[in-house]
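Hello,

Here is the structure I promised to pass on to you. Have a look at it first, and then read on for what turned up.

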Amino acid sequence: MFWVVGIHAMGARPYGVSSPDERINLKVSLDGGRLYYQVDRDGKTILNPSRLGIKLQGAPDMTDGFSVVNVVTDTFAETWHPVWGEESSIDNRYNELRITLAQKKTAPGRRISVVFRVFDDGIGFRYEFPRQASLGDFVIADEITEFAFPATHTTWSLPVEGIRFYEGLFRELPVDSVGWASTPVTIRTAEGLHMALHEANLTDYAAMNVQSTPGSNTLRAALTPWSTGEKVRVTDVRVSPWRTLVIADNAGDMMLSRLMLNLNEPCRITDTSWIKPQRYIGIWWVYHMKRNTWHAGPEHGATTENTMRHMDFAAKNNFGGVLVEGWNPDWQSWNFDYRHPYDDFDIEAITRYGREKGVALIGHHETGGRVANYEAQMEDGFRLYRDNGMNYVKTGYVGDLLDDKERHSSQFGVRHYRKVIETAAKYNLAIDNHEPVIPTGLQRTYPNLMTQEGVRGQEWNAWNPDGGNPPEHTVTLPFTRGLAGPMDFTPVIFRFENEVMPQTRVNTTLAKQLALFVILYSPLQMASDMIENYESNPGPFSFVCDCPVDWDRTVYPEAEIGKYITTARKDKNSDSWYIGSATGAEARTAEIPLTFLDPGCTYRATIYRDAPEADYVTNPCPVIIEQRDVTADTVLSLPQGRSGGAAVKLSKI
Ligand code: NOJ
């Protein structure tokens with residue numbers, strides 16, 4: 001259903017659109033020819049009038065002198081089913097307002113539109129630049145989109161400068177001190193409202209960062225530039241990504257918002273049967289612990305024999321994949337060849353062996369950020385994988401700049417990553433993208449984009465000279481980076497001493513490592529330690545061997561940013577629920593009402609929790625494994641040491 005508001009109806013009055021539940025109202029208005037939008041919820045201001053517009057290079061800006069040509073509203077409702085995810089069905093309901101504008105004096109004949117969608121859980125809007133006689137290809141010099149918060153809310157964000165590939169610690173800052181920050185920016189008001197500012201469907205555009213001004217509560221879009229300083233070269237794709245603001249009553253509801261996915265296009269891959277969520281292990285931590293080398297030689301990790309040994313272990317312990325890095329030349333020069341393996345890596349024999357065992361070989365393409373070299377060989381590399389029956393590849397872009405020139409989050413990077421996703425889909429390959437541009441929900445359209453790094457992951461506990469990730473890091477990520485989509489954080493390290501860098505270590509208890517397998521969502525989820533460390537700890541490891549990575553439903557019984565989180569997820573393929581509960585720097589007892597369980601049913605809870613003496617500094621390993629019967633009326637108490645946690649499996653009896 002849609003209707004057009006006739007031109008005669010338009011003056012300076014605002015045009016409005018509300019969420020389906022009518023709690024959120026968005027208004028668009030012109031003031032002296034400038035375009036503004038504002039948002040309230042339950043009658044309280046969420047955003048003051050916030051300016052919209054685009055500055056162009058070498059052409060009149062789209063910022064002033066606007067008049068309204070046309071306003072169209074529409075309404076939409078669907079339920080869709082992701083190929084994999086944190087739930088098996090997603091409601092997508094919104095009301096839409098499309099406003100078309102002209103600038104009669106500054107750019108006669110030129111028209112652009114802004115489309116607003118208002119959902120029960122927030123808003124999204126984007127610019128549309130239809131091709132027209134007076135608007136062909138053009139260059140965006142700046143996007144002046146504002147988010148004018150009415151008060152100095154608390155925020156969590158990552159700075160753009162000084163952080164590579166989003167691998168930083170989120171900073172808690174008042175909104176006026178954010179500086180140049182990447183999104184998602186998480187926002188908490190004094191009343192406890194939780195919001196997330198981000199973008200959806202980043203296609204052929206630069207990533208949207210934000211910039212604050214001291215003394216002002218307004219954040220402004222600050223796009224990642226090309227090396228030339230241009231922001232976006234607009235050619236075939238004539239729309240911006242969606243600018244999104246999730247608005248929720250509490251942290252749990254913020255994390256449950258699927259607004260970002262809803263603002264992406266439906267799935268474009270017809271046969272998705274080959275896209276399978278997996279637990280995986282790998283020949284990986286052993287490199288970061290410097291016991292093996294990526295390059296060929298006496299300590300080479302990626303040998304046929306070692307890979308088969310890992311496949312045996314995976315098959316025995318119910319893991320579907322083995323990641324092998326260091327399989328291709330040349331890790332000494334970082335001049336990579338994706339067409340041929342090292343001599344001691346027999347890819348045909350290995351994949352044949354894996355097929356017999358039901359274990360997938362997960363390929364690896366480290367590019368070192370050399371995009372041109374990669375694009376020249378990519379299809380050959382993918383063909384080699386396809387010809388060997390492989391369905392997964394981890395890609396990597398270690399290097400300050402792509403091709404020594406462009407930022408990962410620039411339009412250049414965005415174009416390259418998309419090319420990889422689309423090409424990989426043709427070869428039935430699913431991607432685990434390390435050093436990516438920030439995710440924006442593209443997995444709805446391309447579910448072969450299964451997981452991404454873009455997070456300060458476990459590897460920092462191996463080699464960061466300033467120490468391992470602090471206790472609060474992993475209980476901050478679900479509320480921040482996690483809002484952008486799956487994270488290949490690679491949890492489940494069981495050995496806490498660091499042979500390489502003694503001052504650096506995993507700053508959690510062992511039970512918290514188990515909890516992170518549930519909490520840090522990824523449909524390709526790694527148990528990242530060396531297999532010896534699992535063999536010597538079979539009890540705790542059994543939780544991971546059984547824990548699904550594809551879900552029917554997710555709930556958050558407890559959640560406070562940087563302090564603690566309890567995540568409960570129902571398996572997509574059974575009646576079982578799994579809980580991960582973790583605390584930051586403070587010891588605490590989680591009290592978890594099991595109200596999400598089916599009423600009237602009894603479940604056997606298998607609990608893996610910190611022993612009373614467990615503490616991440618002095619004694620991380622002791623885990624108590626116990627069983628008890630519970631129902632939806634039970635409140636489960638799980639005591640946790642400092643940076644501790646608990647993992648629980650609940651199976652219906
Ligand atoms: C950085 C990645 O995050 C890590 O997982 C990988 O082992 C190295 N690059 C080498 O590619």
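How many aromatic pairs does the count come to? In this predicted model, the count comes to 33 aromatic pairs.

Phe 494 and Phe 541 pair edge-to-face, with 6.4 Å from centre to centre and 85 degrees between the planes. Phe 494 lies in the loop between helix 8 and helix 9, and Phe 541 in helix 11, 47 residues apart. Phe 494 is buried at 3% relative accessibility, and Phe 541 is buried with a relative accessible area of 3%.

You will also find a cluster joined by ring pairs, with Trp 294, Trp 331, Trp 334 and Tyr 417 among its members.

Arginines meet rings too. Arg 233 has its charged end over the ring of Trp 226, 3.6 Å from the centre, while the charged end of Arg 279 sits over the ring of Phe 319, 5.8 Å from its centre.

Back to helix 4: how does it pack with helix 5? The angle is about 10 degrees and the axes are 10 Å apart, which makes helix 4 roughly parallel to helix 5. The contact between them has six nonpolar, three polar and two charged residues. Residues that meet there include Met 308 and Met 311 in helix 4, and Ile 350 and Tyr 353 in helix 5.

Enjoy exploring!

Technical notes: Residues are numbered from 1 along each chain as its sequence is written. This is a predicted model: local features need pLDDT of at least 70, side-chain atom pairs count only at pLDDT 80 or more; totals for chains, interfaces and linings use all residues. Side-chain values use heavy atoms; hydrogens and water are left out. Axes are lines fitted to C-alpha atoms, for helices over the stretch in contact, and angles run from 0 to 180 degrees between N-to-C directions. Helices (H or I, at least four residues) and strands (E, at least two) are DSSP runs, numbered from the N terminus. Angles under 35 degrees count as roughly parallel, over 145 as roughly antiparallel, 65 to 115 as roughly perpendicular and the rest as oblique. Contact means heavy atoms within 4.5 Å. Ala, Val, Leu, Ile, Met, Phe, Trp, Tyr, Cys and Pro count as nonpolar, Asp, Glu, Lys and Arg as charged, and the others, Gly among them, as polar. Rings of Phe, Tyr and Trp (its six-membered ring) pair if their centres lie within 6.5 Å; planes under 30 degrees apart count as stacked, over 60 as edge-to-face and the rest as tilted. Buried means under 20% relative accessible area, exposed over 50%, partly exposed in between (1.4 Å probe, protein chains only). A charge sits over a ring if NZ of Lys or CZ of Arg is within 6 Å of the ring centre and within 35 degrees of the ring normal.
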